[in-house]
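Morning, everyone. I have one model to walk through today. Please bring it up on the screen.

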Amino acid sequence: MKQILILSIAILILGFQNVLGQTYLNYYKEINNAEIANLDEAFYKSDSLYQIAFDLVEKPFKDDYLLAAINAEKLVEYENVYEYLKSGIRVGLTIKSIKKALSRFKKSDEWKMLNNNYDSIRKKYLNGLNLTLREELLEMVDKDQAVRHPIFGSWRKMKVTDIYNHKRLLEIIAENNGKWPGRFTIGDGNEDGKYAFGEVTIMLHHFSKDQVNNLKPILVDAILKGDLSPYNVAYPLDYKNMKRIGYEYTNKKQTKGLIKVCLTLGSYNKVTGTNAIICDCEKAESERKKLGLEPLDDYYRKKNATFECYEEEITVPNTLE
């Protein structure tokens, strides 16, 4: 009887986790629909889709609230802008980001009210975080960047720092019941926008390929629970798994330094510029869906960039010789 009870509880927990994961996948999908509607200048439709997405989960992402506020500002619906921003501040949105993104709203009475209430809302948000752990992780990020300084950094410093950061990160995950220290624990402090590199996950770019891929199940679990942005995971996974597919050539001579690469997920555009090459588009689309990422067409439209699917050149032997 006891074994049956334990098994039943385990099934219920697993079922709850699956439902939660699907809920956030639905959330990411609706957010993408809202962003595409905004690009189409269907601002009322976009606003409705944002509201549908926000109703799906308990804690939407701060950057999505900001984008919803920007969309509502275009409709001159300042009460909605106020509500979106207030909700965003509750999950980490800062006054700095708001000031940078909105212009007309700052002349409204709702802006004055938001500005007056900001400190108290922000304080409540910070009180719900593990600020000690957050400070430690940000110090690790600072060291990660400092050792890569062109003058004061060095290969030796990078190696020592990366080894320590990886070891300590594994310890932090173990101390956090095997979970990634995500926004529910340390907050969402990335100030550079939704599609920028994450502040803590930037360390992953400097771990080995195997180390990053071994962390993937933990990272994906955090995405499905809404604890981590899909983009913060897609960038390091793409960076560590991109493949060299040849060199750029000029006048039939190899041009040094211009190595062509293809991306497995199609997210790390820093090395490919505005036109990316996807190693396997069908596989990329499948993986992106699992991670809560939008289809490639939508992503590159939002990034104002283009992509192409890589087709390996096959040399057919001349059987007539």
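This is a predicted model: local features need pLDDT of at least 70, side-chain atom pairs count only at pLDDT 80 or more; totals for chains, interfaces and linings use all residues.

Start with the chain as a whole. It has 321 residues, and 44% of them are buried. The secondary structure comes to 13 helices and 4 strands. Now the contacts. Take those between residues at least 6 apart in sequence: 66% of them join residues at least 24 apart.

Next, the disulfides. How many are there in the chain? The count is 2. Number the bonded cysteines along the chain, and the pattern reads 1-2, 3-4. As a reminder, a disulfide is a covalent bond between the sulfur atoms of two cysteines.

Here is one of them. Cys262 is bonded to Cys279, with an S to S distance of 2.0 Å. The angle about the S-S bond is 95°, and the link of Cys262 and Cys279 is right-handed. Where do the two ends sit? Cys262 is in strand 2, residues 253-262. Cys279 is in the loop between strand 3 (275-278) and helix 12 (281-290). So the pair ties together parts that are 17 residues apart in sequence. Both ends can be checked for burial, with the cut-off under 20% relative accessibility. Cys262 has 2%, so it counts as buried. Cys279 has 16%, so it counts as buried too.

Now the other pair. Cys281 and Cys309 are bonded, with their sulfur atoms 1.9 Å apart. Which hand does this disulfide have? The torsion about the S-S bond of Cys281 and Cys309 is about -105°, so this one is left-handed. Cys281 lies in helix 12, and Cys309 in strand 4, residues 306-309. That pair therefore ties together parts 28 residues apart in sequence. Cys281 is at 14% relative accessibility, so it is buried. Cys309 is at 39%, so it counts as partly exposed.

On to helix 8. It covers residues 155-175, which is 21 residues.

Which residues of helix 8 are buried? They are Thr161, Asp162, Asn165, His166, Arg168, Leu169, Ile172 and Ile173. Look at the spacing in that list. An α-helix has 3.6 residues a turn, so residues three or four places apart point the same way. What do the buried residues of helix 8 pack against? Their partners are helix 7 (131-146) and helix 10 (209-224). One backbone detail: just after helix 8, Asn177 takes a positive phi of about 60°.

The largest pocket has a volume of about 490 Å³. It is lined by 22 residues, and the closest to its centre are Leu66, Leu67, Ile70, Gly193 and Lys194. Helix 1 (2-39), helix 3 (62-74) and helix 5 (95-101) each give two or more residues to the lining. Which element gives the largest share? That is helix 3, with 7 residues. By type, the lining divides into 10 charged, 7 nonpolar and 5 polar residues.

That's my tour. Happy to go back to any part of it.

Note on methods. Residues are numbered from 1 along each chain as its sequence is written. Side-chain values use heavy atoms; hydrogens and water are left out. On a 1 Å grid over the protein atoms alone, a cavity is a set of points where a 1.4 Å probe fits but cannot get out, and a pocket is an open set with protein on both sides within 12 Å along at least five of seven lines; lining residues have an atom within 4 Å of a point. Grid points are joined across faces, edges and corners, and a volume is the space filled by probe spheres set on the points. Ala, Val, Leu, Ile, Met, Phe, Trp, Tyr, Cys and Pro count as nonpolar, Asp, Glu, Lys and Arg as charged, and the others, Gly among them, as polar. The expected span of a helix is 1.5 Å times one less than its number of residues. Buried means under 20% relative accessible area, exposed over 50%, partly exposed in between (1.4 Å probe, protein chains only). Contact means heavy atoms within 4.5 Å. A disulfide is a pair of cysteine sulfur atoms within 2.5 Å.
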